[in-house]
Amino acid sequence: MLAWCDLSAYRPEVAKRFYSDLFGWSWSGGDYDFASAGEVLVAGVFQMPPKLKEMGMPSFWMSYIAVSDVAETVAVAKAQGGKVELEAADYALIRDPLGAGFTVHSGMGQTAPVSDAPGRRQGHGYFCSDLSAVTGFYEALFGWSFVPTKQGHAEIRTSKGALVASAQELPDDIRGKEQYWAVRFSVADLASATRTARMVGASRVLPTELPEGPALLVFDPDGAALFLVAP
């Protein structure tokens, strides 16, 4: 399941101030800092790795998927047309056939459940140009199925029927040139969150609509994108 998220940031200290002001997060740790909402661990932030800088990656939020065997998952991903960007004993950064990136991890000791409480990770969404191009990949990799809900929308579910995430086809002029997994965070009220995000340094704040309902697409000071949703 999607079990964690973190921010790969060009300026971690700037990012930490922004998210503390936006969500009230506190921080603990060292090179990899953990964000907490109250007593609950929510996310991590760290300095953008040199390899990703060389690739020209902007600051970005990463979705993590818990697996039991990273090497086996990597082998299946490659066989199904995926690309492995980074690989270690307990994690790997993988891109699906459309280029959407995610990290698989076998030691998710710092996971926190999704929640509608303000400042918490509320869920994840998948945004692409063609859902049919990746359904076989995710089914082979994780046993997930894409259950259509309406034209261009689907629910990603496990083999037992549990909801993993929403999935949505979007045209390039709305989605941008990339295909991606995105993270949603809860706020108490979208109007107040709009004012706060602009006040504390968001580079862009865009009202939008997700399969789950109204949302804000927020870009932090270095351009990392996330969605804000209210219960």
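How many helices and strands are there in the chain? The chain has six helices and 16 strands, where helices (H or I, at least four residues) and strands (E, at least two) are DSSP runs numbered from the N terminus. The radius of gyration of the chain is 17 Å, close to the 17 Å that the globule rule gives for 231 residues, so the chain is as compact as a globular protein of that length. That radius is taken over C-alpha atoms, and the globule rule is 2.2 Å times the number of residues to the power 0.38.

This is a predicted model, in which local features need pLDDT of at least 70 and side-chain atom pairs count only at pLDDT 80 or more, while totals for chains, interfaces and linings use all residues. Residues are numbered from 1 along each chain as its sequence is written, and side-chain values use heavy atoms, with hydrogens and water left out.

**The whole chain**

Display the C-alpha atoms: along the principal axes they fill a box of roughly 45 × 40 × 35 Å. Of the 231 residues, 50% count as buried, a term that denotes under 20% relative accessible area, with exposed over 50% and partly exposed in between (1.4 Å probe, protein chains only). Contact means heavy atoms within 4.5 Å. Of the contacts in the chain with a separation of 6 or more, 60% are made by residues 24 or more positions apart.

**Serine 63**

Select serine 63, in strand S5 (residues 60-66). Serine 63 counts as buried because its relative accessibility is 1%. Its side chain and that of histidine 124 are joined by a polar contact of 2.8 Å; such a contact is a pair of N or O atoms within 3.5 Å, and within protein one must be able to donate a hydrogen and the other to accept it, with residues adjacent in sequence counting only if both atoms are side-chain atoms. Beyond residues up to four places away in sequence, serine 63 touches several others, including Leu2, Trp4, Phe102 and Trp181.

**Glycine 44**

Move to glycine 44, within strand S4 (residues 40-47). Is glycine 44 buried or exposed? Glycine 44 counts as buried, since its relative accessibility is 2%. Tryptophan 4 is 40 residues from glycine 44 in sequence, yet their C-alpha atoms are 8.6 Å apart. With neighbours within four places left aside, the contacts of glycine 44 include Trp4, Tyr32, Phe34 and Trp61.

**Glycine 125**

Next, select glycine 125 in strand S9 (residues 121-128). Glycine 125 is buried, with a relative accessible area of 1%. Leaving aside neighbours within four places in sequence, glycine 125 is in contact with Ser166, Tyr180, Trp181, Ala182 and Arg184.

**Serine 186**

Strand S13 (residues 180-186) contains serine 186. Serine 186 has a relative accessible area of 1% and is therefore buried.

**Leucine 217**

Finish at leucine 217, in strand S15 (residues 213-219). At 17% relative accessibility, leucine 217 counts as buried. A C-alpha distance of 9.2 Å separates leucine 217 from valine 229, twelve residues away along the chain. With neighbours within four places in sequence set aside, leucine 217 has contacts that include Arg204, Leu206, Ala225 and Phe227.
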